[in-house]
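Look through the structure shown below.

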Amino acid sequence: MTFILGIETSCDETGIAIYSEQGVLANKLYTQIELHAKFGGVVPELASRDHLSKIFPLLQEALQEAKITLQDISAIAYTAGPGLVGALLVGATVGRSLSYALNIPAIAVNHMEAHLLAPLIEDHKPNLPFLALLVSGGHTQIFQVNKIGDYTLLGESIDDAAGEAFDKTAKLLGLNYPGGPKIAKLAETALDKYHFDIPMKQGLNFSFSGLKTATANLIHKEELTDENKKSIAKAFQETVVNTLLYKCKKALQETNINHLVVAGGVSANTLLRTSLQDMLQKMHGEVFYPKLEYCTDNGAMIAHAGFILYQQHRFKEDLAIDVHPRWEM
Ligand code: KG4
Ligand code: ZN
């Protein structure tokens with residue numbers, strides 16, 4: 001059996017998981033959301049310190065749950081970027097040192113590649129080539145996945161990422177970080193009152209900063225009653241979702257591909273999930289999502305990506321503990 005230990009510490013979630021031929025054997029997560037909530041965003045130094053205090057207890061729990069010991073581990077995969085440098089360094093230091101001590105390979109995983117591959121954790125998998133929409137706090141990208149490890153970037157945000165736009169708009173509405181789920185909740189019981197146009201329709205790139213400004217202007221203009229807040233959240237969410245739909249449809253048509261995977265924190269959004277499902281059904285295609293727990297940051301997607309890289313012998317050759325805060329895929 002191959003047992004891959006996965007370590008995720010790129011932002012505000014400490015994730016430790018174990019993946020084998022049988023799938024995810026353990027997936028332990030500690031989220032720092034509460035720690036950062038009062039600051040309105042992630043405080044990097046606090047994040048690093050907290051990862052350090054949680055990483056070993058989670059490792060112990062994961063080994064127990066998988067019913068294995070450290071000696072059974074075949075390789076250690078850790079997130080080496082992109083992300084916060086100090087936070088990444090915690091996972092990289094533990095991952096690289098432990099693999100050295102155990103005399104097993106280390107695998108430096110790209111966090112975005114791990115998100116992209118997360119839908120493949122499920123039994124029902126897309127056919128190659130497929131398109132991938134990556135929507136997280138830092139990224140909004142459409143890739144053509146020719147094969148694993150061979151990705152063509154078709155479009156990306158030229159300014160704010162979709163998740164970032166959710167978070168900033170939420171802040172203006174007086175909601176805590178992370179704003180995505182809170183905006184979605186507000187929108188559930190909202191009345192239709194406002195409308196925004198899809199920004200930047202040409203090409204396959206995205207731009208969300210204009211929408212953010214339009215929303216900010218509306219927030220400053222309107223009386224912020226509970227009802228108005230809900231309606232603003234609804235209009236904002238619908239516009240982000242419609243924009244993502246519009247660009248995905250265009251990319252699918254232009255490439256003549258009909259399988260789409262969607263990953264990253266924003267892929268947890270229910271409106272996005274159901275709308276894409278409808279759209280792909282109409283296009284005689286299919287959309288693939290990770291399970292909700294594998295949408296936002298987690299260790300399982302790192303262990304899973306590590307498992308694939310392990311089979312391809314893509315090991316970290318040197319002993320350097322280096323990370324890549326801006327690592328492009
Ligand atoms: O992938 P992720 O956990 O961390 C990054 O790598 O960035 O994504 C976090 C982002 C945040 O911006 C958060 O607001 C957004 O994902 N998010 C959502 C939802 N859940 C998380 N956005 C919209 N709707 C959601 N349900
Ligand atoms: Zn992420």
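In sequence, the residues that donate to the zinc ion (ligand 2) follow the spacing H-x3-H-x181-D. In this predicted model, the donor atoms are NE2 of H111, NE2 of H115 and OD of D297, lying 2.1 Å from the zinc ion. Donors are N, O and S atoms within 2.8 Å of the metal (3.2 Å for Na, K and Ca); water is not among the atoms, so sites may look incomplete.

Where do H111 and H115 lie? Both are in helix α4 (residues 111–117), four residues apart, which is about one turn of the helix. H111 and H115 are also both buried, where buried means under 20% relative accessible area, exposed over 50% and partly exposed in between (1.4 Å probe, protein chains only).

The protein chain has ten helices and ten strands. These are DSSP runs, numbered from the N terminus: helices are H or I with at least four residues, strands E with at least two. Of the 329 residues of the protein chain, 53% count as buried. Among contacts (heavy atoms within 4.5 Å) between residues at least 6 apart in sequence, 73% join residues at least 24 apart. The C-alpha trace spans about 60 × 45 × 30 Å along its principal axes.

Residues are numbered from 1 along each chain as its sequence is written, while chains are lettered from A and ligands numbered from 1 in the order in which they are written. In this predicted model local features need pLDDT of at least 70, side-chain atom pairs count only at pLDDT 80 or more, and totals for chains, interfaces and linings use all residues; side-chain values use heavy atoms, with hydrogens and water left out.
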